[in-house]
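Work through the exercises below with the sequence and the structure side by side. Try each task on your own before you read the solution that follows it.

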Amino acid sequence: MNIEQARFNMIEQQIRPWNVLELDVLELLTVVRREEFVPVAYKSLAFSDTEIPLPGPNGESMLAPKVEARLLQQAAVKKHEQVLEIGAGSGYMAALLCYKARHVTTVEIDPELKALAEKNLAAYGITNVEVMLGNGAQGWDQGASKTYDVIVISGSLSTLPDAFLKQLNVGGRIVAILGEAPVMSAQIITRTSDSNYSTVHLFETNVKPLREAAVHSHFKF
């Protein structure tokens with residue numbers, strides 16, 4: 001496989017047609033080499049338009065490249081900003097985010113994947129990402145009431161817990177995929193003031209839910 005040709009094809013045939021047109025985002029997709037974050041058994045699929053399985057018994061996977069790129073573009077991270085990611089996976093999204101951010105905290109519930117993300121990020125020489133072990137599906141403040149400028153949720157939630165809204169600085173953004181299969185909505189929620197938020201629907205998709213996420217009940221009592 002000609003890796004650079006495959007990367008070029010991924011960008012031109014999958015990602016640009018999905019309205020990912022910002023040059024800094026497209027450049028990042030060549031700077032951060034996706035194949036370095038893909039499990040060895042699936043390296044041949046590194047640039048394919050598909051979710052890639054990750055190690056472990058829980059069926060976790062990397063998001064498809066076009067979804068990752070679109071979420072990255074919508075997050076519009078700036079160099080001074082603090083970023084929280086929920087769902088570290090292989091560390092790839094954190095690697096993309098950290099090139100645009102001051103610091104990234106990424107939370108992973110699976111110890112094997114936490115170790116994988118740390119290993120991949122260290123091998124890449126990345127020093128402004130901290131990988132934390134825990135369940136971030138309901139928010140992640142560890143009792144310190146820390147707030148963030150950008151929150152990226154790398155997995156779906158049926159609804160967005162209020163804890164995430166409270167952890168967002170004014171002017172900050174949450175990029176999340178909300179809803180239930182087969183149709184979910186990628187959304188960007190911006191905190192416009194202490195008590196107000198605005199929501200923009202970006203695109204429809206269908207991705208695996210975060211582990212241990214609360215499931216919205218359709219039953220009424």
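**Before you start**

This is a predicted model, in which local features need pLDDT of at least 70 and side-chain atom pairs count only at pLDDT 80 or more, while totals for chains, interfaces and linings use all residues. Residues are numbered from 1 along each chain as its sequence is written, and side-chain values use heavy atoms, with hydrogens and water left out.

**Exercise 1. Find out what the mean pLDDT of the protein is, and where the pLDDT is below 50.**

Step 1. The term pLDDT stands for the predictor's confidence in each residue, on a scale from 0 to 100. For this protein the mean pLDDT is 94, and 95% of the residues reach 70 or more.

Step 2. The stretch with pLDDT below 50 covers residues 217-221, and beyond near neighbours in sequence it has one contact in the model, where contact means heavy atoms within 4.5 Å.

Step 3. Where pLDDT is low, the predicted coordinates should not be read in detail.

**Exercise 2. Describe how helix H2 packs against helix H3.**

Step 1. Two packed helices are described by the angle between their axes and the distance between the axes. Axes are lines fitted to C-alpha atoms, for helices over the stretch in contact, and angles run from 0 to 180 degrees between N-to-C directions. Helices (H or I, at least four residues) and strands (E, at least two) are DSSP runs, numbered from the N terminus.

Step 2. H2 spans residues 23-31 and H3 spans residues 65-75; they pack at an angle of about 135 degrees, and their axes are 10 Å apart.

Step 3. Angles under 35 degrees count as roughly parallel, over 145 as roughly antiparallel, 65 to 115 as roughly perpendicular and the rest as oblique. H2 and H3 are therefore oblique to each other.

Step 4. On the H2 side, Val-25, Leu-28 and Leu-29 meet Ala-69, Leu-72 and Gln-73 of H3. Sorted by class, this contact of H2 with H3 has five nonpolar, one polar and no charged residues, where Ala, Val, Leu, Ile, Met, Phe, Trp, Tyr, Cys and Pro count as nonpolar, Asp, Glu, Lys and Arg as charged, and the others, Gly among them, as polar.

**Exercise 3. Describe how H1 and H3 pack, and which residues meet.**

Step 1. H1 and H3 pack at an angle of about 75 degrees, with their axes 10 Å apart, and the two helices are therefore roughly perpendicular to each other.

Step 2. Met-10, Gln-14 and Ile-15 in H1 meet Pro-65, Lys-66 and Ala-69 in H3. By class, this contact of H1 with H3 has four nonpolar, one polar and one charged residues.

**Exercise 4. Decide whether H3 is mostly covered or uncovered, and whether Ser-156 and Ile-3 are buried or partly exposed.**

Step 1. Buried means under 20% relative accessible area, exposed means over 50%, and partly exposed lies in between (1.4 Å probe, protein chains only).

Step 2. H3 is mostly covered, since ten of its eleven residues are buried, among them Val-67, Leu-71 and Ala-75.

Step 3. Ser-156, which has its place in strand E6 (residues 148-157), is buried because its relative accessible area is 1%. Not counting residues up to four places away in sequence, Ser-156 touches Ile-177, Met-184, Val-207, Lys-208, Pro-209 and Leu-210.

Step 4. Ile-3, found in helix H1 (residues 3-15), has 31% relative accessibility and so counts as partly exposed. With residues up to four places away in sequence left out, Ile-3 touches Arg-33, Glu-35 and Phe-47.
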